[in-house]
Amino acid sequence: MRVDYIARKVTLDNSFRQLAEKKLAKITKYFNDILDMRVEVSQERHLYVVDLSVKGKDFDIKSTTQHKELSAAIQEGVDKLEIQARRAKARLKDHKGRGSEVRMVQDWEVEVIEQDSSRTGPPEIVERSSIPIKPMSVEDAILQLEKSSDKFLVFRNASSERINVLYRRNDDQLGLITPEL
């Protein structure tokens with residue numbers, strides 16, 4: 001791990017550099033692809049100001065702290081960086097894993113088939129059912145769909161006499177389809 005040091009109005013000895021590298025090693029456990037680590041230390045009146053920045057392939061985190069003691073300033077800065085690193089890691093993990101999310105359903109039996117054995121051709125109807133279409137208002141249909149565990153409800157709208165479909169969306173909201181003839 002290579003760390004660049006910039007000192008303004010301060011002299012940095014080897015003990016400070018060792019402390020900074022030891023503290024910054026905490027950040028390396030969150031990311032494998034760190035490109036640049038920079039520590040800028042300056043003194044303004046009686047306070048030490050420590051600016052830390054860590055750049056990587058998919059992230060860029062920074063922190064600035066002020067303290068009377070140099071070691072306390074570096075510790076506070078690394079603590080802030082660690083919080084940002086956790087958030088950045090979670091964002092990266094969530095973003096990369098979003099497309100490959102697999103949901104497991106406990107009640108279903110799953111049969112794994114080989115790629116060569118999958119059928120090609122037009123889809124086939126495997127189940128047929130008929131449902132009664134009752135005249136009701138949209139509000140009544142919403143109440144009936146909320147009571148049931150069904151994903152949709154087909155009904156005749158009492159006000160327009162048209163067939164409507166009320167369905168449950170993935171975000172737990174409801175959608176209404178009114179076909180136009």
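Guide: A helix here is a DSSP run of H or I with at least four residues, and a strand is a run of E with at least two. This is a predicted model.

Visitor: What pattern does the protein chain follow along the sequence?
Guide: By that definition, the pattern reads β-α-β-β-β-α-β-α-β-β-β. The protein chain has three helices and eight strands.

Visitor: What makes S1 and strand S2 a pair?
Guide: Pairing requires at least two bridges between two strands. S1 and S2, the latter spanning residues 34-44, have six bridges, so they count as paired. Their sense is parallel, and Asp4 stands opposite Arg38 in S2.

Visitor: In what order do the four strands of the open sheet lie?
Guide: The order is S1-S2-S3-S4, with mixed pairing.

Visitor: Why do strand S1 and strand S4 stand at the edges?
Guide: Strand S1 (3-8) and strand S4 (60-67) each have a single partner strand, so one side of each lacks a neighbour in the sheet. Neighbouring strands of this sheet are turned by 10 degrees against each other on average, direction ignored.

Visitor: Which strands does helix H1 touch?
Guide: Helix H1 (residues 14-28) packs on the sheet and touches S1, S2, strand S3 (47-56) and S4. Touching means heavy atoms within 4.5 Å. The direction of H1 makes about 135 degrees with that of S2.

Visitor: How many of the 181 residues count as buried?
Guide: Buried means under 20% relative accessible area, and 25% of the 181 residues count as such. The protein chain exposes about 14,300 Å², of which carbon and sulfur atoms supply 48%.

Key. Residues are numbered from 1 along each chain as its sequence is written. This is a predicted model: local features need pLDDT of at least 70, side-chain atom pairs count only at pLDDT 80 or more; totals for chains, interfaces and linings use all residues. Side-chain values use heavy atoms; hydrogens and water are left out. Axes are lines fitted to C-alpha atoms, for helices over the stretch in contact, and angles run from 0 to 180 degrees between N-to-C directions. Buried means under 20% relative accessible area, exposed over 50%, partly exposed in between (1.4 Å probe, protein chains only). Accessible areas come from the Shrake-Rupley method with a 1.4 Å probe; for residues, only the protein chains shown count as cover.
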